[in-house]
Amino acid sequence: MIELKAIIIDEMHLVDKQILRLLRKLPHVHLIAGVSRLSAAVDLLQRQPVDVLFLCIAALPLPSLSRFKDLDPPPMLVLITDDAAVAFEGYVLNALDLIRKDELTEERLGRTLEKVHTELLQRWRLSQEVG
């Protein structure tokens with residue numbers, strides 16, 4: 001399995017310790033950073049591309065994620081929340097997955113990371129066909 005590069009953005013410090021503990025158990029995930037401000041994540045991403053962003057958020061409004069869509073390639077977005085309105089916005093933003101805070105377990109995170117790997121493989125195949 002390829003190594004995934006990830007950033008956690010947890011503005012409200014909702015699950016940062018829990019997700020950090022879970023991600024550190026997984027040998028194929030390289031956590032680039034855990035930040036509490038979206039602007040810090042944008043700065044990091046301009047220097048260090050990642051495969052997946054874990055955005056932990058309690059309620060709307062979602063921070064402006066439009067800057068991430070301009071990155072090439074844009075990172076996949078995984079929302080971690082219990083708020084139904086945030087979940088709907090995640091659907092609108094084409095988030096790869098949504099994890100409810102009370103479902104944040106090693107098994108659930110593993111299923112999400114399988115989706116990330118599948119999407120990365122599809123992106124790679126597409127780039128091979130185009131290039």
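Two strands count as paired here if DSSP finds at least two bridges between them, and strands themselves (E, at least two residues), like helices (H or I, at least four), are DSSP runs numbered from the N terminus. The model is predicted, so to speak of local features takes pLDDT of at least 70 and side-chain atom pairs count only at pLDDT 80 or more, while totals for chains, interfaces and linings use all residues. Residues are numbered from 1 along each chain as its sequence is written, and side-chain values use heavy atoms, with hydrogens and water left out.

View 1. Reading along the sequence gives the pattern β-α-β-α-β-α-β-α-β-α. The radius of gyration (taken over C-alpha atoms) is 14 Å, close to the 14 Å from the globule rule (2.2 Å times the number of residues to the power 0.38) for 131 residues, so the chain is as compact as a globular protein of that length. Its C-alpha atoms fill a box of roughly 40 × 30 × 25 Å along the principal axes. Of the 131 residues, 40% are buried, meaning under 20% relative accessible area, with exposed over 50% and partly exposed in between (1.4 Å probe, protein chains only).

**View 2. Strand E1 and its two partners.** Six of the seven residues of E1 are buried. E1 runs parallel to strand E2 (residues 29-35), joined to it by six bridges, and here Ile8 sits opposite Gly34. E1 also pairs with E3 in the parallel sense, this time over five bridges; look for Asp10 opposite Cys56.

**View 3. Strand E4, covered on both faces.** All five residues of E4 (residues 76-80) are buried. In a regular strand the side chains alternate between the two faces of the sheet. In E4, Met76, Val78 and Ile80 take one side, and Leu77 and Leu79 the other.

**View 4. The neighbours of E4, and the way out to E5.** Strand E3 (residues 52-56) pairs with E4 in the parallel sense over five bridges, and Cys56 faces Ile80 across that pairing. E4 and strand E5 (residues 97-99) are parallel too, over three bridges, with Val78 opposite Asp97. To get from E4 to E5 the chain passes through helix H4 (residues 84-92), and this β-α-β crossover is right-handed: with the strands pointing away from the viewer, the path from the first strand over the helix to the second runs clockwise.

**View 5. The largest nonpolar core, with 21 residues.** A nonpolar core is a set of buried Ala, Val, Leu, Ile, Met, Phe, Trp, Tyr and Cys residues joined through side-chain atoms within 4.5 Å. Ile19, Leu23, Phe54, Ile80, Leu104, Leu109 and Leu113 have the most contacts inside this one. Strand E1 (4-10), helix H1 (16-24), E3, E4 and helix H5 (106-130) each give two or more residues, and H5 gives the most, with four.

**View 6. Leu113 and its contacts.** Leaving aside neighbours within four places in sequence, Leu113 is in contact (heavy atoms within 4.5 Å) with Leu4, Leu23, Leu26, His28, Val29 and Phe54. A second, separate core of 18 residues includes Ile7, Ala40, Leu45 and Leu53.

**View 7. Leu121 in helix H5.** At 38% relative accessibility, Leu121 counts as partly exposed. Leu121 and Val78 are 43 residues apart in sequence and 17 Å apart in space, C-alpha to C-alpha.
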